[in-house]
Amino acid sequence: MRDTNRRWRTVDVLVVSVLAVAFGVVFWAWGLLWNGPFAAVFGAFKPASAIVYGVWLLPAVVGPLVIRKPGAGLFCEVLAAIVSALLGSAWGLTVVIYGLAQGIAGEAAFAALWYRSFRLPVAVAAGALAGLAAAGLDLVNYYPTWSTDWKLLYTGLVMLSAALVAGAGGWLLTRALARTGVLRRFPSGRDVVKI
Amino acid sequence: MVEVQVRDLGWRHAGRREWALRGLDLTIPSGQRVLLLGASGSGKSTLLRALAGLLAADSGDGEGEALLDGVPVARARERVGIVFQDPQTQLVLSRCGDDVAFGLENRGVPPERIWPQVARALRRVGFPYHLDHSTAALSGGEQQRLALAGALATDPGLLLLDEPTANLDPAGAALVRTALAEAVRADTTVVLVEHRIAAALPLVDRVVALGPGGGLLADGPPETVFADHGPALAAAGVWVPGHPLPRLPAAGPAGAPLLSAEKVRYRRHGADRDALPAVDAVVREGEALAVVGPNGGGKSTLALLLGGLIAPTSGVLRAAEDLAAGLDGPPHRWPATGLSARIGSVFQNPEHQFVRANVRDELALGPRLAGHPREHVDATVDDLLDRLGLAALAAANPFTLSGGQARRLSVGAALAAAPRVLVLDEPTFGQDRNTWIALVQLLAGLRDAGAAIVAVTHDDELLATLADRVMSLGGPPTGER
Amino acid sequence: MTRRAALTRRNPLARVGAALLFSLPLLSTLDPLTPTLAIAVSIAVAGAFGVSVAALTRRSGPLLLGAVGVLFSVVPFAEPHGQVVAAVGPLEITDGVLVDAVGLGLRVLAVALPGVIVLATMDPTDLADALTQNARLPARFAYGSLAALRLLPLLRSQWQQLVLARRSRGLSPGRNPAAQARSLGGVAFSLLVGAIRDGERLATAMDARGFDAGIARTAARQQRFTGGDWALVAGAAAFAATILMITAGLGM
C-alpha cells in the first residue's frame, strides 16, 4: 500500500489542481448557502456558525488522501483559495493566507507519519489541525476582542466541525470517489475491487 | 516520415481485469494514412496512446513493444503529435498563441524561434484569429483547429487523431477536416480514429479494424475492406459506410398535443443575447420530433425548456390537462417528483444524471419517489435491466460504466418514472453501431406505445431512422419545416 | 478598468508582495484611525493599478457587508471595558467594546482591499510565468494549476447542469437548509467525479505535448523582476510603516 515514488506526475498535479478548482466552485455555491439559509439559522448566535465551518477545509484533507504525495494538502487548499479569490471573492488575498495556513496545518498530520498512513484517524487529525489554523486566524483577524472563554469555545467548535466534516467527511468522500473508478491511476483507487 | 512497428502489443489499465488491447501486430510504412476502426472497447484509443508514448508504466501492465523507426516510443515521443476528442480538455493556456507555443517551450525550443513557428503552424491550419485571442471564445471546431496547430507546431513525423470531430456539429467537423486535408504534410504518417467513417475516407489510404479480443478484424485499402468484411464489421459495432440501418417510422399518425410552447425565449441571467430566440413548438403523443440546427442555436436550451427544467424568459409552455394530470401551472413549477413522472429528460452527458451508488438504485429511484410498493419497484427495475442489457451490472457503480452502458442507463432511469414525454439531448452521440440500434429501437417502441419523443440531434441517421417531424433551430429563418 | 494603467505592467509577484506588505502590518493595530488611513491610501492608488473607484466598489460590496457583520459578531462576545452605554436584555454594551468593534470592522476592510485591487487586473498566465521565471517555482505546478484554472467556466456550467439534472430525476431539496446542504453535497460529488476525469484528460494532453518530459523548458513569454518592481514593494512597505508611525505618534 505504501507508494515509494514521491515525485509528482503530471496527472497528480492536474488532478489535485482540478479538484481545487472544483472545490472553488463548490465553495462559491456553499457561500451562497452560508450567506442565505445558514445566516438565518445562525445569525442570532455567531459562534454556532463554526459548526458548519468544516466544508472550507475539505481540500486540505481530500488532496492528500487522493494522490498520497507530500505537499498535496497545501497545494490543494491554497489553489482552492486562489480560485475562490479569482471567482470574485470580496476577501482578496485574505483567503489565500487562510488557504496557506490551513494547508500547512493539515499537511502536518500526514507529514508526522512520513506520508505512510492515509487512514481515517490521520484524516480526522488533519481536519482538526486545519480547523485550528482557521480558528486561530479568525480570532486574530475578526474576533481579537472576544473574551477568552468565547475564544476557546469557538476554537473547539471549529476544530470539531473540521475533524468531522473535513476529516471524516473527506475520508468518506475519497472512498466514494474511489468506488466510481476515477481514481484508478492513484494509490487511493487501487484499494478498490477491480472492475 | 516515421515508420510504425507494433509487435505483440498488449495493455491493461490499472484497476481493470480485462486487457484493453492484446497481441496486436501492425506495421505502418512511413507516410501512410490509416483509418483505425473497431467497436467500443476494442482498444483504438489505447493503441493511439501507446504510439504516443502516453501509457506510463505506473498506470497499468504492458506487453510487447511499439517502435517508431526502430526506436521504442518512450524515447521518440517528440516525433509524435496527437489530437484528442474533447477540445475543452486539451487546450492548456488561455491565449491562442500561447497554447500553440506550449509544446515548443516544453521541447526547449529557443524563445526567438518559438513565435515564427507558432505563426507558421497557425497559418497551416488556416486559423483566422490574432495570437492574443482567447481560447475560451472559440467554437468547438475552431478549438480543434487550434489543437491541431499545437500538435503540428513541433513538426511531428507521426500524427495521431483520436476522434477529433466527434464532439463537433457538422459545420465544426467540416472545418477540422478541411484543416487536416490542407495542413498535414504529404510525408507525415497519420493514424486516425473516427466513428463516422464516410467523411473520413477521403483522408486515408488504408483501413485497419481491431477485433474485440485483440488482433485484427480487417486490414487493407478501404474499398477492399468494406467489400470483403462489411457485414462482419457492422456486426461488431463498426459504422460501415453504406451498410443499411433499420427504418422505424411511426406505426400510426401523431396523436393529441401534450406540450405546446408559444414564443418561448430564454436568456441567461446577465447574458447579452438570447440563448434561445422566441420559438413555437408542439410535442404530440405517438410522435418523434427531432430538433436540429448548428451549435449555439439554442437546441439544448429548448430541450431544458420542454423538459420543465428552466423557466422561459418570455412566452409560455403549456401542458395538456391530460399530461399535467392534476398539477397546476407550467411544467417548470411542477414539483420535481411530479415532473419526472410526466416529462423525462436525458442529458447529453449521462453521468450528470447519476445520483445513486449502483445501477439498480439508479433505476429504482423514479418508481420509489412515485410511492410504488416494493414489489412493483423491483418488477420495473428487473424489466428495465433486461431490456437495457444491464442485468449483469446491477450492482456496479454507475460511474464505472462504459459510454454505451452509461447512455442506456440514463435513458432507462428516465423511463423508470414512466413519463409520457421523453426529451433527449444528443442521445446517440459517440455511440457505436450496436448501441445506436438498440437505443433507437427502444425509443421507437416507446413512441409506438403512445409516448412523445423529442430528440435534439446532429445525427443524420437518427433523423432518417426515427424522426417523424423535424424542427430546425438557429440560423434564419427559425421555425418548423 | 484601463489595462494600460502604470502599475499593471509591474511584475505580478511585485504586485502581490506589495499588497501583502501593505496590508499585513495592519493586523497589529486595533484603533479605528489606522485602517481608515490605509483604506484612503488603497482607494487613492487603485487607479494606478487599473481599478476605477466604481469597479472597486462593485467588487468589494460583499466585503462591506462582512465588515458590518463583524460589528454584530464582535459586540456581544467581547470582554467588556469602559462605560456602559446601552443594555440589551442581560447584555451590557460598553463604549470600549464599541470602539474596538468599529476599528475591527474597518480593519477587515483595510486588510482585504489591497488584495482585491491587485487581483482585479491579475492575468493568471502572467502570474504563472512570474512564478516559474522569477520565483523559480517548478513549471509542473505553475502550469498544471494554470491549465486547471482554464476549466473554471466549464465546471461552473457543469454545476448548473447538475442542479437541473437532479430535478429531472425527481429530486429537489425544497426550502429545508439541511436538505439543501445534502443536495449540494450530491451535486458537489458529481462535479468532483467529472473534474477528476477532466484533470486526467488534460494531463494526458499536456504530456502528449512534451510537458514534464525532463527537457529544460524555455519560455515564450519573458517576465522580469526589475528595479521598478523592487521599488513598488519597498514603496508599499514604506506606506504601511508611515501609517503605523502616524497613529502611534497620536498615541493610538
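What percentage of the contacts in chain A with a separation of 6 or more is accounted for by residues 24 or more positions apart?

Analyst: Happy to. This is a predicted model, in which local features need pLDDT of at least 70 and side-chain atom pairs count only at pLDDT 80 or more, while totals for chains, interfaces and linings use all residues. Residues are numbered from 1 along each chain as its sequence is written, and chains are lettered from A and ligands numbered from 1 in the order in which they are written.

To your question: residues 24 or more positions apart supply 74% of those contacts in chain A, where contact means that two C-beta atoms, placed from the backbone, lie within 7 Å. Chain A has eight helices and zero strands, so its sequence pattern reads α-α-α-α-α-α-α-α; helices (H or I, at least four residues) and strands (E, at least two) are DSSP runs numbered from the N terminus. Of the 195 residues in chain A, 61% are buried, meaning that 20 or more other C-beta atoms lie within 10 Å of a residue's own, with C-beta atoms placed from the backbone (12 or fewer is exposed, and in between is partly exposed).

The UniProt record, an unreviewed entry, puts "transmembrane region" at residues 12-30, 50-67, 74-91, 122-140 and 152-174 of chain A; its positions follow the numbering used here, feature names are shortened, and annotations may be inferred rather than shown by experiment. Residues 12-30 of chain A are 100% helix and 0% strand, with end C-alpha atoms 26 Å apart. For residues 50-67 of chain A the figures are 56% helix and 0% strand, and the end C-alpha atoms are 29 Å apart.

Now the partners. The contact with chain C takes 46 residues from chain A and 60 residues from chain C. On the chain A side, α1 (10-35), α2 (37-42), α4 (72-86), α6 (120-141) and α7 (148-179) each give at least two residues, and α1(A) has the largest share, with 15 residues. That side of chain A divides into 35 nonpolar, nine polar and two charged residues. Here Ala, Val, Leu, Ile, Met, Phe, Trp, Tyr, Cys and Pro count as nonpolar, Asp, Glu, Lys and Arg as charged, and the others, Gly among them, as polar.

Toward chain B, the contact takes 10 residues from chain A and nine residues from chain B. The chain A residues there are two nonpolar, three polar and five charged.

As for chain C itself, there are 10 helices and two strands, running α-α-α-α-β-β-α-α-α-α-α-α from the N terminus. Its radius of gyration is 24 Å, well over the 18 Å that the globule rule gives for 252 residues, so chain C is more spread out than a compact globule; the radius is taken over C-alpha atoms, and the rule is 2.2 Å times the number of residues to the power 0.38. The C-alpha trace of chain C spans about 70 × 60 × 30 Å along its principal axes, and 46% of its residues count as buried.

Buried residues make up 52% of chain B.
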